[in-house]
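Subject: Structure handover

Hello,

Here is the structure we talked about. Please open it first, then read my notes below with the view beside you.

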4 protein chains.
Amino acid sequence: MQQDRPAHKDHADTDRLAMGRDFQRIRRFSEQLCEPLVIEDYGLQTVPEASPPKWHLAHVTWFYETFLLRPFLPDYPVFHPRFEYLFNSYYEQTGTGFWPRSERGLLSRPTVSEVYDYRHHVDDAMERLIATCPSDVWPKVQMRLGIGLNHEQQHQELLVTDIKRHFAHNPLRPAYRADLPVAPIASPAPLTWTQFDAELIELGAGPEGFAYDNERPCHRVFLEPFSIADRPVTNGEYLDFIADGGYRNSAFWLSDGWATIRREGWSCPLYWEGQADATPDDWRIMTLGGMRPLNPAEPVCHLSYYEADAFATWAGKRLPTEAEWERAASDRPIAGNFVDDAWLHPRPAEKTDGLRQLFGDVWEWTGSAYLPYPGYRAPAGALGEYNGKFMCNQMVLRGGSCATSRDHARLSYRNFFYPHERWQFKGFRLAETVQ
Amino acid sequence: MQQDRPAHKDHADTDRLAMGRDFQRIRRFSEQLCEPLVIEDYGLQTVPEASPPKWHLAHVTWFYETFLLRPFLPDYPVFHPRFEYLFNSYYEQTGTGFWPRSERGLLSRPTVSEVYDYRHHVDDAMERLIATCPSDVWPKVQMRLGIGLNHEQQHQELLVTDIKRHFAHNPLRPAYRADLPVAPIASPAPLTWTQFDAELIELGAGPEGFAYDNERPCHRVFLEPFSIADRPVTNGEYLDFIADGGYRNSAFWLSDGWATIRREGWSCPLYWEGQADATPDDWRIMTLGGMRPLNPAEPVCHLSYYEADAFATWAGKRLPTEAEWERAASDRPIAGNFVDDAWLHPRPAEKTDGLRQLFGDVWEWTGSAYLPYPGYRAPAGALGEYNGKFMCNQMVLRGGSCATSRDHARLSYRNFFYPHERWQFKGFRLAETVQ
Amino acid sequence: MQQDRPAHKDHADTDRLAMGRDFQRIRRFSEQLCEPLVIEDYGLQTVPEASPPKWHLAHVTWFYETFLLRPFLPDYPVFHPRFEYLFNSYYEQTGTGFWPRSERGLLSRPTVSEVYDYRHHVDDAMERLIATCPSDVWPKVQMRLGIGLNHEQQHQELLVTDIKRHFAHNPLRPAYRADLPVAPIASPAPLTWTQFDAELIELGAGPEGFAYDNERPCHRVFLEPFSIADRPVTNGEYLDFIADGGYRNSAFWLSDGWATIRREGWSCPLYWEGQADATPDDWRIMTLGGMRPLNPAEPVCHLSYYEADAFATWAGKRLPTEAEWERAASDRPIAGNFVDDAWLHPRPAEKTDGLRQLFGDVWEWTGSAYLPYPGYRAPAGALGEYNGKFMCNQMVLRGGSCATSRDHARLSYRNFFYPHERWQFKGFRLAETVQ
Amino acid sequence: MQQDRPAHKDHADTDRLAMGRDFQRIRRFSEQLCEPLVIEDYGLQTVPEASPPKWHLAHVTWFYETFLLRPFLPDYPVFHPRFEYLFNSYYEQTGTGFWPRSERGLLSRPTVSEVYDYRHHVDDAMERLIATCPSDVWPKVQMRLGIGLNHEQQHQELLVTDIKRHFAHNPLRPAYRADLPVAPIASPAPLTWTQFDAELIELGAGPEGFAYDNERPCHRVFLEPFSIADRPVTNGEYLDFIADGGYRNSAFWLSDGWATIRREGWSCPLYWEGQADATPDDWRIMTLGGMRPLNPAEPVCHLSYYEADAFATWAGKRLPTEAEWERAASDRPIAGNFVDDAWLHPRPAEKTDGLRQLFGDVWEWTGSAYLPYPGYRAPAGALGEYNGKFMCNQMVLRGGSCATSRDHARLSYRNFFYPHERWQFKGFRLAETVQ
């Protein structure tokens, strides 16, 4: 019995060391992502839903300060009394209120330099907390730190997608990085299908390991037989939809989708530039490397749920449910084109057989609404607002994108966005019911 | 073999006779519902989502003209060439366009009298079609007529709910009918629960009998064990939620719900009049019989999905899924307080044991998003727009209300509305996962 | 000296008799204007600025009840306690508040019949007041009655223009009266000019006779020499402006005007139907007699200040100031095409020489902002809100229109509207500075 | 005769030298105004009407490039081909279009450093143009350069007022300059009046010297006798208006003003912070030096026309017309608290007798709409858009402010803003008609 305790202690220390290393690595990566920016870029907010880089850098820092340092680090000196108001995102239960989301770009102060000071102040304190917090407190710290690190990784993805959004708004179309690799123009790999039989599956994350609350509890779901496409829909296939009058024929569209494309004047995915009657060679797209010719072999990206659904209707197929997607992906490795690979753009599918590109490249819209799993209960307090309060009016996306960190992706991961939102790296794959 | 043909013929004739009688009965009922109106009432549209009575009377008539008389009755003389534009609701594929929904109240012409003429013109032609259409055409006519009659019954419910909406907007608070019965003020029956084990059920309508396309195909769904409340939540229980600061505490609310109640300034269900700090006796509600004191024993009614969900969160419960609701209701008779009973208001639950009020009284919000069943395919053509194109952003309601026709209610019936909409007779019942 | 008093008494009685006759005549005329309407028409409000006929009938009645019967007729029984809330237009100082202007069309009750009952109730009481009020009260009653009758005449003009607005919104384009006379299609009379020398004039109404407060005090204004066109600009001349790209060339437009025509998509005056590249013969216009071919000889009508100003800029001229207009009109008879003539549409100018059509046909936009005359002071109390509080952001129009009563027109009359408003019978005449 | 030419040449050279010095001085001053900024401040646009400092620096530079260098300097190399699109403000007739005004803050590129490069590129070219342009071209260059320098001075004032607007939006309330002088708290000087007799005056700029087109032609205006206050209304006097319920009583307000303060929730001038029921000592105001206590002796500032008019109504007075203001100011020196004095805030009136503070401190709202003077004609081409197209819906302000350059102020200067706009240094002085 006695030996257990040192062993346990060792294990806890290893956890601390590992988490401390993760903390340093993830914190550093946020700043690395900002290295290509000039100071003027840090404050930009061109649309309400995409925040300024400076805000992301400060907000993820506020998270540690609020949920870890204030409650758990004795004598922690708060960096600035107003930052809890300026850099809270939406947590109502912290009681401090928050600066309006749509006005995050209207603050020149604190300066970029002051925000970096804030980060380093919190970094130092966090390392102290990880090293010194009593072992009875550590499990709670560990749990919250896990959320905090995943949270920062989510904001790293937003950093990338928001910078793309802001730069695309500028008529000069500046490049975020001029040195990104580019895939050769090619035609898409042929579309093949994998079939699954009727089956009672388990959906969601089991009790071990890190997962967000919304991935739990694991529960049983019955699937009728279905087929799923082996790779996402490509730009080339999507061009066929456009050429066939896809954006002009209401028969393909959900009612809210049709209203949206008419109100917004959409006739192609976000970041495409061309005319409805352009030939494929005429289309150009804005990327993080600047303007490029459209590559038909790449997964189509930056489209709304409405566009994904309309394409599927046009093609006589449908989107997979999240349960079908998770079943199909359940025996695949979590491999693919992630932010770690630094392409920052989806890549063409390899010309091999079988299910691929489930992870990385593009988030895949599913046909499932974002709702609680049976038995879900949001945690108490402000952290309970992290996921639960958004379980209405949004659709689930699965798999991760070229802007996601590889170690952030999970089989059970549920991303969610409103059906009209397009600025993330979002694509889709087709499915159909086997009857 | 020979006997078959006359028998078949007889059977078809009986169908025709029966449907002819249904047609007359249902057509007559629309006009009966309008008898308490004065001419000025027929044109009212106080909110974009609630149409004028005159428009409902004409639109249901347009449906027969468009989908039955024009295609199937030779030499049918169209009543007025512009009515297909004025009284189409949302069918894009008819190719005629339609007068904007939000402007239906801006047309004084055609007059009420002309709309009744239109109805009678179409009635005469429909009776001719039912009596005379060739037997090879009859199955298609029969199928579309089934939709047309269900469609008119849906608009009868809307007639009732829209009239209530329009009259409640008038500061004089006029009564639609001063002679309606009123339940005595009482306290609610105690809340009891029925439990269901884990089970693989069949959800949706089978191949026989009339059902909308969205109720099919019948398919298998696995249910984890759950409990469901034996009756809907009452006004009295909802008053406790209000008194406990329900509308002031963000912790109970979905994010979109919290934004909605703050933007709209809601602090109680629609049609309640009182103050946040009123005692129960001070609350009054607008009904189709005019203003009345609030009855704590009645099912709470006219609330949004957000309010139903917030109450459930406050109560530590949740809403049932539509599969759970259908399982619970599957062995119950379709009995309850329908429009046929002419209360036009939900009634208190009887003080008996066991599951009750599943049908009639109030539509019940479920926790299920309105999405296609696996294998669903919308029919081709404009009639395919009836249900399928709304499968996004809306939530399912089940069971029917005091404004629904008894013979319109079905176990598999899927009603759907946006989560913020309140003007239907909508309530909810609680459920919970058994763990 | 003694004889004076009976004489004075006689004079007062004559006043009472005359005003009583005016009261009856003017009240009757409001109802005559509504005779062509069906009940459904009375409640229409197709745009926020144009009220339903029923509202006009009730509001002018409320004016007498509020400002005459309640204060001056002992024991006057108010017709309905909520009507002061429902039918007040904008008088904040009555303390009762008012039903929102944009929602006047959302009230089916009181019914048309009840509104007529209200009118007759107030008519009876007014006749009693006129006949019986003590002679020391009479001057105040007489003054307010003068305002009340002019007020009702203004609303008679609005009745006509609002009915036109509402009927033009209906795609059936119903005629208000099918029996109106129509001028033959013709070409415009040639445009000639009258010149005035520099002069110090007196502007505004003198102390005698009825005038609104905003026409006083009479004061001195110095005019530099100017020329003014002998008749308003015609449809034919306006067609030349359109054909010359008038609506496509920003150089002609005020900044707010250019923004307005682009936001609203205007490419012709209100009620014109045709294409920008139509030949003159292709244009049709909506009138109170239904759709008609455009008559080039008629004064152009239903345009905004922005369009009048843009035409003048295009033509190298300008609009007259209100002082110039009043100087030019000061020795002309108040004669022209008024509502009394029952054309209800502007008529072509006679082919004679000299200044004409100053009164009637179309209100004429001037280049003067609606501001107080030097020494103006609004009366105390709610009646002081009649004119004074609108003295900002509006432009002055002069002369009266084919929808104005002849005995309502005055040389000093100042009408005023926002520069973007078009639904009145508004045209303009050109002027220029002589240098 | 011959001697004339050298003399003439000398004179022209002197002009060139003087204008060259003015050019250098004014260009330098724009950059001096930006010295207290950090890079993050340069891109801010917190409200659509207030532009980012970076935009101002580039736009005034674009003006010289567009109207002087491109047409008149042979072989001038345009700095960047897209800058004419990015930095045009509103000139439609240049044919290049312009980046939307409300999105000027959404451009991180060009960077601040690139904008300074642009300035210096243009400065160099302008000095070359001034030195070398042929004498037959010089008069045109001289005229446009006069406009360009006045234009830059206007934007210098906007730089100051826009920076104040942006900084006040930040909840940290940063100071633009912490070293500004502050007047001691004091009570206002007594209000005295100066009377003027009826008189025919000449209004506007004569043919000599620089003036904008809208100040011409000089013309005759007759003034009825009037009195005008010797100094502007003070904070202390305005506090009395607030304390007397000024913002709660509709009787004081123009209709559009009442609607504005209710829609916007205004209960005090812009930049005041306090409660409606605060004591004078509780009020604080945001200044370019940061937050300060309110000084009752200072001219009230940053209010709308509606508030100025409401105060005047409450006080039983009115605003002066621009003709009255110009008459009153016509024999006063152009002296006062200008931007050159570097207070950047209005100062209390000196406790002396007689008319004062007509120039500097605060722009003074007049009761005159901004309209063309008789005989006004906008110049041809894009420069004709400078003033003329704004002659609708705006009100005239006179005199200049603490953010105006001393050598930019003129007796005949007509500033103009929409009645609801408050972010300039605007106050007012009272007047009344003598009867």
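Copies are superposed by least squares on the C-alpha atoms of residues with pLDDT of at least 70 in both. With that in mind, start with chains C and D. A rotation of 180° puts chain C on chain D, with 0.0 Å of shift along the axis and an RMSD of 0.0 Å. Both copies use the same surface: 100% of the contact residues of chain C recur in chain D.

One caution before going on. This is a predicted model. The predictor gives the complex an ipTM of 0.95 and a pTM of 0.95. Chain A has a mean pLDDT of 95, and 97% of its residues reach 70 or more. Take care at the start of that chain, though. Over residues 1-8 of chain A, pLDDT stays under 50. For that stretch the model has zero contacts beyond four places in sequence.

**How the chains are arranged**

Now take chains A and D. Chain D superposes on chain A by a rotation of 180°, with 0.1 Å of shift along the axis and an RMSD of 0.0 Å. That is how a two-fold axis relates copies. Of the interface residues of chain D, 100% are also interface residues in chain A, so the two copies meet through the same surface.

Some pairs of chains do not touch. Chain A and chain C have no contact, and their closest C-alpha atoms lie 15 Å apart. Chain B and chain D have no contact either, and their closest C-alpha atoms also lie 15 Å apart.

**A residue by the axis**

Which residue of chain D comes closest to the rotation axis that relates it to chain A? The residue is D:Glu40, with its C-alpha at 3.0 Å. Find D:Glu40 in the loop between helix H1 (4-33) and helix H2 (53-72) of chain D.

Is D:Glu40 buried or exposed? The cut-off for buried is under 20% relative accessible area. D:Glu40 has 14%, so this residue counts as buried.

Look across to chain A next. D:Glu40 touches A:Ile39, A:Ser108, A:Thr111, A:Val112 and A:Ser113. The side chain of D:Glu40 reaches the backbone nitrogen of A:Val112 at 2.7 Å. D:Glu40 and D:Pro280 are 240 residues apart in sequence, and their C-alpha atoms are 35 Å apart in space.

**A residue in a helix**

Move to A:Gln156, in helix H5 (residues 138-169) of chain A. A:Gln156 is buried, with a relative accessible area of 2%. Beyond its neighbours within four places in sequence, A:Gln156 is in contact with A:Ile26, A:Phe29, A:Ser30, A:Leu33 and A:Ser405.

**A sheet in chain B**

Finish with chain B. Three of its strands form an open sheet, in the order E1-E4-E12, with antiparallel pairing. Strands E1 (193-196) and E12 (431-433) of chain B stand at the edges. Each has a single partner strand, so one side of each is left without a neighbour in the sheet. From one strand to the next, the twist averages 20°.

How many bridges join E1(B) to E4(B)? There are four, and the two strands run antiparallel. E4(B) covers residues 226-229. There, B:Phe226 is the bridge partner of B:Phe196. Helix H9 (residues 322-329) of chain B lies across E1 and E4, running at about 70° to E4(B).

Best wishes

Methods. Residues are numbered from 1 along each chain as its sequence is written. Chains are lettered from A and ligands numbered from 1 in the order in which they are written. This is a predicted model: local features need pLDDT of at least 70, side-chain atom pairs count only at pLDDT 80 or more; totals for chains, interfaces and linings use all residues. Side-chain values use heavy atoms; hydrogens and water are left out. Contact means heavy atoms within 4.5 Å. Two strands pair if DSSP finds at least two bridges between them. Axes are lines fitted to C-alpha atoms, for helices over the stretch in contact, and angles run from 0 to 180 degrees between N-to-C directions. Buried means under 20% relative accessible area, exposed over 50%, partly exposed in between (1.4 Å probe, protein chains only). A polar contact is a pair of N or O atoms within 3.5 Å; within protein, one must be able to donate a hydrogen and the other to accept it, and residues adjacent in sequence count only if both atoms are side-chain atoms. pLDDT is the predictor's confidence in each residue, from 0 to 100.
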